[in-house]
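Biologist: Could you take me through this model feature by feature, giving the general idea each time and then the case at hand?
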Amino acid sequence: MILYSILFILPSLFVFAAGGKLPEPEVKIEVLHKPLMCYRKSKYGDMLLVHYEGFLESNGTLFHSSHKHGDKKPVWFTLGIREVIKGWDKGLQNMCTGERRKLTIPPSLAYGKEGKGQVPPSSTLIFDIELMDIQNGPRSHESFREMDLNDDWKLSREEVKDYLKKEFEKHGYSPNDTHHEVMVDDIFKNEDEDKDGFISSREFIYQHDEL
Ligand SMILES: *[C@@H]1O[C@H](CO)[C@@H](O)[C@H](O)[C@H]1NC(C)=O
Ligand SMILES: *[C@@H]1O[C@H](CO)[C@@H](O)[C@H](O)[C@H]1NC(C)=O
Ligand SMILES: [Ca+2]
Ligand SMILES: [Ca+2]
């Protein structure tokens with residue numbers, strides 16, 4: 001169930017109202033450090049490992065630091081699926097491992113009118129973020145290719161079921177055909193947007209919305 005939720009439930013939580021949108025405010029991106037060698041650049045669907053510090057723009061208060069708070073470790077998240085604030089999804093694309101950026105993020109791309117925790121309502125935030133590592137995410141092109149057994153650039157029910165079985169086994173659960181069948185139904189209900197019976201790479205990688 002864990003894998004199932006990571007892969008398929010997250011995106012379905014983010015349903016965007018179509019049309020009639022005001023232009024969105026932008027994230028201001030400043031590159032503080034760029035490594036000489038750039039082996040790979042971050043893209044939507046990648047998992048990123050970052051160290052970061054977040055400040056309130058209003059008075060410079062540090063509200064969170066991955067260096068100082070919690071377990072003092074950098075954190076992993078998946079880029080482009082709204083796992084993090086919109087400002088991060090927008091501001092951390094095309095970034096090299098080892099690169100450091102300063103992001104200035106308006107409230108509408110952060111915690112909005114409500115605020116959250118130590119972030120007061122309607123706060124513009126400043127982040128100092130260092131990208132430590134990039135891995136293929138569950139929504140990556142590479143994962144898609146791995147699931148697409150017959151290389152036709154779309155996932156059939158059988159391919160998805162096959163993948164679920166393998167993942168269950170990998171994580172020490174015994175496969176259960178009835179259960180997988182139910183999961184596949186659910187997955188296709190959410191992911192197969194055009195209802196053609198296949199999950200296309202576009203449907204899978206999930207780049208619709210404002211990006
Ligand atoms: C900065 O602003 C926050 C939120 O308004 C407030 O809680 C905090 O006390 C302020 N810090 C300083 C040093 O003024
Ligand atoms: C298989 O899954 C179905 C549906 O989720 C469940 O009712 C059944 O008990 C499971 N069987 C086994 C052997 O775990
Ligand atoms: Ca296929
Ligand atoms: Ca489809």
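Biologist: Is Thr-61 buried, exposed or partly exposed, and how many C-beta neighbours does Thr-61 have inside 10 Å?

Modeller: This is a predicted model, and burial in it is judged by counting neighbours: a residue is buried if 20 or more other C-beta atoms lie within 10 Å of its own, and exposed if 12 or fewer do. Thr-61 has 13 such neighbours, so Thr-61 counts as partly exposed.

Biologist: Where does Thr-61 lie relative to β2 and β3, and which residues does Thr-61 touch, not counting those up to four places away in sequence?

Modeller: Thr-61 is found in the loop that joins β2 and β3, and, leaving aside residues up to four places away in sequence, Thr-61 touches Phe-55 and Leu-56.

Biologist: In which sense do β2 and β3 pair, and over how many bridges?

Modeller: Strand β2, residues 47-56, and strand β3, residues 62-65, pair in the antiparallel sense, with 3 bridges between them. Within this pairing Phe-55 stands opposite Leu-62 of β3. The two strands form a hairpin with 5 residues between them, and in the turn Gly-60 has a positive phi of about 80°.

Biologist: Which residues does the UniProt annotation "domain: EF-hand" cover?

Modeller: According to the UniProt record, an unreviewed entry, "domain: EF-hand" covers residues 135-170 and 179-211. Over residues 135-170 the model is 58% helix and 8% strand, with the end C-alpha atoms 19 Å apart.

Biologist: What is the average pLDDT of the chain, and where does pLDDT stay under 50?

Modeller: Where pLDDT is low, the predicted coordinates should not be read in detail. The chain averages a pLDDT of 85, and 86% of the residues score at least 70. Over residues 1-20, however, pLDDT stays under 50, and the model has 15 contacts beyond four places in sequence for this stretch. Residues 207-211 are also below 50, with 6 contacts in the model beyond near neighbours in sequence.

Note on methods. Residues numbered from 1 in each chain as written. Chains lettered and ligands numbered in written order. Predicted model: local features only at pLDDT ≥ 70, side-chain atom pairs only at ≥ 80, totals over all residues. pLDDT = per-residue confidence, 0-100. Contact = placed C-beta atoms within 7 Å. UniProt positions renumbered as here; feature names shortened; annotations may be inferred. Helix = DSSP H or I, 4+ residues; strand = E, 2+ residues; numbered from the N terminus. Pairing = 2+ DSSP bridges.
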